[in-house]
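Take a moment to look over the sequence and the model shown here. The paragraphs after it go from the whole chain down to single residues.

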Amino acid sequence: MIKAKFTNKVKEQIYIRDNYSCIICWWTNKLQFHHVYFWTESNYWKDRNEINQGVTICDTHHMECHSCKQWEWIRQKCIDYINNL
């Protein structure tokens, strides 16, 4: 399996698009990048690591997003955000 990683160029594009803030709470500290779809939901398509596949999210929401089903709304909000750009 190939690990999916955003390049530094794509990370900068995502930061700019998302105004250097978490798309969930608009916090501007401790930011991370989040693939909108988990690796188990993707087939590692060619554009997997492009700007339209990721969002800026704070470390708290990123951890919650990956932790359990009760946080599925965070995952869905990320998907909706990308789909509405």
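This is a predicted model: local features need pLDDT of at least 70, side-chain atom pairs count only at pLDDT 80 or more; totals for chains, interfaces and linings use all residues.

The protein has 85 residues, of which 40% are buried.

Next comes the fold. The protein contains three helices and two strands. Following the sequence, these elements come in the pattern α-β-β-α-α. Consider the contacts between residues at least 6 apart in sequence: 66% of them join residues at least 24 apart.

His66 lies in helix α2, which covers residues 59-67. Between His66 and His34 there are 32 residues of separation in sequence, while their C-alpha atoms are 9.8 Å apart in space. His66 is partly exposed, with a relative accessible area of 47%.

Now turn to the cysteines. How many disulfides does the structure hold? The count is zero. A disulfide is a covalent bond between the sulfur atoms of two cysteines. To be counted here, the two sulfur atoms must be within 2.5 Å. For Cys25, the closest cysteine sulfur belongs to Cys22 and is 3.8 Å away, so this pair is too far apart for a bond. For Cys78, the closest cysteine sulfur is in Cys65, at 5.2 Å, which is also too far for a bond.

These cysteines can also be described by their accessibility. Cys25 is partly exposed, at 36% relative accessible area, whereas Cys78 is buried, at 0%.

Conventions. Residues are numbered from 1 along each chain as its sequence is written. Side-chain values use heavy atoms; hydrogens and water are left out. Helices (H or I, at least four residues) and strands (E, at least two) are DSSP runs, numbered from the N terminus. Buried means under 20% relative accessible area, exposed over 50%, partly exposed in between (1.4 Å probe, protein chains only). Contact means heavy atoms within 4.5 Å.
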